[in-house]
Amino acid sequence: MVKGIENKSNDQRPFEPSPPFAIEAREVNIAYGARRAVLDVTLKVPEHTIVALIGPSGCGKSTLLRSMNRMNDFVNNATVTGEILFRGQNIYESGADPVSIRRQIGMVFQKPNPFPTSIRKNITWGPKINGYQGDYEELVETSLRRAALWDEVAGKLDESGLALSGGQQQRLCIARAIAMDPDVILMDEPCSALDPSSTLKIENLLLELKDRFTIIIVTHNMQQARRVSDYTAFMYQGELIEYGPTDEVFETPRQELTRDYVSGRFG
Amino acid sequence: MVKKLLFICALFCVIVTLGIVFLLLEEAVGFFQQVSIKEFLLGTNWAPMFEPRSFGVLPLVCGTFWVTFGAALIGLPTGLGIGLFLNDFAPSWLRNLVKPVLEILAGIPTVVYGYFALTVITPWLQNLLPSVEVFNAASAAIVVGLMVLPMVASLCDDAIKAVPRSVKEAGYALGATKSEVATQVTIPSALSGIIASFILALSRAFGETMAVTLAAGSTPKITLNPFESVQTLTAYIVQVSTGDTPQGSIEYKSIFAVGILLLAVSLLFNMLAFYLVKKYRTVGE
Ligand SMILES: Nc1ncnc2c1ncn2[C@@H]1O[C@H](COP(=O)(O)OP(=O)(O)O)[C@@H](O)[C@H]1O
Ligand SMILES: [Mg+2]
């Protein structure tokens with residue numbers, strides 16, 4: 001992907017990826033009551049790329065991610081200021097409909113959270129409530145195939161999603177998000193509860209999904225960020241410290257804080 | 001030592017239960033020597049006091065059915081609605097107001113509920129519909145519905161609160177509205193607790209005595225009109241026990257037969273609850 005040519009480590013100009021952008025955050029501030037969790041973050045996420053959000057625990061990654069499809073609406077006392085543009089529209093402007101935004105910006109959570117029902121219904125529920133008109137059987141199969149789960153569950157679609165292993169459950173959750181055919185998929189540490197081989201499967205999956213979706217992934221695991229992402233954003237204490245092509249952020253970071261973090265000096 | 005003490009407590013509980021069953025059976029046997037089980041269960045005329053006597057229990061069953069059914073109609077959906085509302089829709093100040101009110105409601109003695117039915121609900125019904133009798137099944141049903149409401153609401157609230165937040169979030173993240181998540185994710189996930197609360201409420205309504213005696217009256221009859229006076233199984237037992245019925249007489253013995261019927265149906269409710277809760281347990285976890 002995009003490779004920086006000059007890597008001047010003291011260059012303070014903010015990184016400017018090339019449009020079109022799937023999501024664009026402009027001077028976003030998020031607070032829980034009086035406690036400020038995200039400070040003045042501006043971030044442009046180009047379409048069909050994978051952007052990793054990294055940073056030490058509590059730095060505001062989840063908060064920022066959840067603001068991108070208005071999942072923080074469900075947190076009492078969370079306030080967002082600034083703009084988050086999706087297809088050029090500010091999703092926080094007064095007429096914006098959070099429900100329709102979430103149809104187009106899906107989410108995969110840290111802990112696999114399939115519905116306590118069959119594998120098939122896990123996939124079809126979202127499209128059904130949103131009035132999907134196509135062939136549901138086909139939808140189930142393609143979604144599960146894209147989530148690299150089809151071969152493992154093809155014969156037992158009517159069994160409970162909860163009967164699957166953790167890694168399979170997480171891929172089911174990815175399949176469920178894919179079935180809505182969103183533009184963007186937000187993932188909050190999707191592998192943190194999984195074993196290494198499940199993690200590897202999901203990482204490979206992400207690389208394939210990039211063709212169709214834009215993915216923003218929060219990860220604790222820096223190897224993972226390096227393996228899957230095109231761009232990396234490093235956050236620290238609510239601020240976006242550095243954002244750039246993943247190779248640059250890891251190999252030639254502009255900020256000392258970033259260098260310390262990616263070299264494992266704290267976190 | 002403690003273990004022994006606890007064992008005695010447990011034993012006491014079993015002995016009391018067995019004692020009650022034994023007492024009921026002993027007197028009921030005497031009753032069934034004079035009245036056949038078939039006549040008792042299928043007979044449509046309940047006239048225990050006056051000649052010609054008749055011991056067909058269906059009129060009492062009908063009264064009990066009306067009260068239980070009506071109470072369920074009012075108490076169950078409302079209770080579930082309150083539980084859902086408190087969890088997913090109410091602002092916290094309202095929640096903090098409603099919870100204690102429910103607890104107070106649950107603590108009001110049943111005789112007060114009965115009095116409330118007679119002096120408030122019945123006149124109100126009569127206002128709407130002049131043909132309503134002073135004692136009537138509908139008034140009893142409404143008041144018993146109100147009576148079980150706090151229990152249903154509180155148990156449903158607990159069951160719904162136990163639904164993991166993450167599962168609801170999964171629903172929202174798929175572009176579901178609040179009410180879609182509430183009805184299609186939250187309620188199914190909490191189903192075992194909700195069903196348990198419903199059956200407890202049914203069995204409470206079914207066995208409720210004081211309020212229904214006051215509100216529904218003591219006219220055993222099979223009727224389709226809920227605005228007439230009826231008599232429930234429990235109200236009949238009250239009527240005989242508080243009257244000057246001589247011990248050993250057939251009408252005295254009849255209350256034990258009615259008692260056995262009450263016990264059997266309560267047992268059935270419990271078994272049903274046990275079965276359903278088990279059946280839906282896996283869904284909720
Ligand atoms: N619901 C909440 N209420 C209050 N404070 C919160 C809430 N969620 C997160 N925070 C605080 O906001 C900050 C950022 O949290 P979070 O976005 O979860 O960080 P990260 O995902 O990077 O670990 C933390 O200090 C955390 O304690
Ligand atoms: Mg987090």
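Among contacts in chain A between residues at least 6 apart in sequence, what percentage join residues at least 24 apart? The share is 68%, where two residues count as being in contact if their C-beta atoms, placed from the backbone, lie within 7 Å. This is a predicted model, in which local features need pLDDT of at least 70 and side-chain atom pairs count only at pLDDT 80 or more, while totals for chains, interfaces and linings use all residues. Residues are numbered from 1 along each chain as its sequence is written, and chains are lettered from A and ligands numbered from 1 in the order in which they are written.

Chain A contains 10 helices and 10 strands, these being DSSP runs numbered from the N terminus, with helices (H or I) of at least four residues and strands (E) of at least two. A compact globule of 267 residues would have a radius of gyration near 18 Å, and chain A agrees with this because its own value is 18 Å; the radius is taken over C-alpha atoms, and the globule rule is 2.2 Å times the number of residues to the power 0.38. Of the 267 residues in chain A, 47% are buried, which requires 20 or more other C-beta atoms within 10 Å of a residue's own, whereas exposed residues have 12 or fewer and partly exposed ones lie in between, with C-beta atoms placed from the backbone.

Where chains A and B touch, 20 residues of chain A and 16 residues of chain B take part. On the chain B side, α7(B) gives the most, with 6 residues, and the residues of that side divide into 8 nonpolar, 5 polar and 3 charged.

Helix α1 of chain B covers residues 2-34, and its 33 residues should span 48 Å at 1.5 Å a residue, which agrees with the 49 Å between its end C-alpha atoms; the expected span is 1.5 Å times one less than the number of residues. Because 3 of its 33 residues are buried, α1(B) lies largely in the open, and the buried residues are Glu27(B), Ala28(B) and Phe31(B).

Note on methods
Ala, Val, Leu, Ile, Met, Phe, Trp, Tyr, Cys and Pro count as nonpolar, Asp, Glu, Lys and Arg as charged, and the others, Gly among them, as polar.
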